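Student: I have a structure to look at and would like to learn how to read its features. Where do we begin?

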Amino acid sequence: MTDEHAPAVLDIYRHGIATGDATFETEPPTWARFTATRLPGHRWVAVDHTAAGRVLGWVACTPVSDRCVYAGVVEHSVYVHPDARGRGVGRLLLHRLIDSTEQAGIWTIQSGVFPENTASLALHHSCGFRTIGVRERLGRHHDRWRDVVLIERRSPTVT
């Protein structure tokens, strides 16, 4: 993922926000904020080279803490353009993130997913993530309380 992908990445993020079931965010951040908060070695886009390099989706992660004990734990997001859903783009992106994080010695990838986002939960479970629990009424979103399913993938190779 580079600066040239910024408009497409933020547009895909905007589409995810519009579903109401992807994030507590109501607007995507600026590109400067986006890049400042995501780890540069673990940001990926899926590009359709048969369609003039159109970005189909993205994945990125952030450290969960600056404390050294959590150096191998990241929180991630994965978003796929609505026109590309159901084509394996999310799976491809998650596998690329898993590969890059394991090569970097990261032992846990985690995230929070709204329980209504059943497609995301199914995708993550198929890629080796497990449900840790549910944080009930974690936050208000569009004037209603939302639960968040906590998921994680522990690396079987990083020890």
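Tutor: We begin with a cut-off. A residue is buried under 20% relative accessible area, exposed over 50%, and partly exposed in between. Keep in mind that this is a predicted model.

Student: How does Arg96 count on that scale, with 32% relative accessibility?

Tutor: Arg96 counts as partly exposed, because its relative accessibility is 32%. Arg96 is found in helix α3. In sequence, Arg96 and Pro156 are 60 residues apart. In space, their C-alpha atoms are 16 Å apart.

Student: Now the helices. How is a pair of packed helices described?

Tutor: Two values do it: the angle between the axes and the distance between the axes. Here, take helix α3, residues 89-103, and helix α4, residues 118-126. They pack at an angle of about 45°. Their axes are 10 Å apart. That angle makes α3 oblique to α4.

Student: Which hand does the crossing of α3 and α4 have, left or right?

Tutor: The crossing of α3 and α4 is right-handed.

Student: Which residues make the contact between α3 and α4?

Tutor: From α3 come Gly90, Arg91 and Leu94. From α4 come Leu123, His124 and Ser126. By kind, the residues of this contact divide into 2 nonpolar, 3 polar and 1 charged.

Student: Why can residues a few places apart in an α-helix point the same way?

Tutor: An α-helix has 3.6 residues a turn, so residues three or four places apart point the same way. Now apply the idea to α4. Its buried residues are Ser120, Leu121, Leu123 and His124. Seen down the axis of α4, these buried residues fall within an arc of 160°, so they line one face of the helix.

Student: What does the face of α4 turned away from its buried side carry?

Tutor: That face carries the exposed residues Thr118 and Ala119.

Student: What do the buried residues of α4 pack against?

Tutor: They pack against β3 (73-80), α3, β4 (108-113) and β6 (144-154).

Student: Let us turn to the backbone. Which residue with a positive phi follows α4?

Tutor: Gly128 follows α4, and its phi is near 95°. Now look for positive phi in residues other than glycine. Arg137 is one case: its phi is about 45° and it is not a glycine. Arg137 has its place in strand β5. Asp143 is another residue other than glycine with a positive phi, near 65°. Asp143 sits in the loop between β5 and β6.

Student: Is Asp143 buried or exposed?

Tutor: Asp143 is exposed, because its relative accessible area is 71%.

Student: Where does Val158 lie?

Tutor: Val158 lies in the segment after β6. With 16% relative accessibility, Val158 counts as buried, because the cut-off for buried is under 20%.

Student: Which residues is Val158 in contact with, leaving aside neighbours within four places in sequence?

Tutor: Val158 is in contact with Glu102, Gly105, Ile106 and Trp107. Val158 and Thr101 are 57 residues apart in sequence and 9.5 Å apart in space, C-alpha to C-alpha.

Terms used:
Residues are numbered from 1 along each chain as its sequence is written. This is a predicted model: local features need pLDDT of at least 70, side-chain atom pairs count only at pLDDT 80 or more; totals for chains, interfaces and linings use all residues. Side-chain values use heavy atoms; hydrogens and water are left out. Axes are lines fitted to C-alpha atoms, for helices over the stretch in contact, and angles run from 0 to 180 degrees between N-to-C directions. Helices (H or I, at least four residues) and strands (E, at least two) are DSSP runs, numbered from the N terminus. Angles under 35 degrees count as roughly parallel, over 145 as roughly antiparallel, 65 to 115 as roughly perpendicular and the rest as oblique. A crossing is left-handed if the near helix is turned anticlockwise from the far one by less than a right angle, and right-handed if clockwise. Contact means heavy atoms within 4.5 Å. Ala, Val, Leu, Ile, Met, Phe, Trp, Tyr, Cys and Pro count as nonpolar, Asp, Glu, Lys and Arg as charged, and the others, Gly among them, as polar. Buried means under 20% relative accessible area, exposed over 50%, partly exposed in between (1.4 Å probe, protein chains only). The arc is that of the directions from the helix axis to the C-beta atoms.
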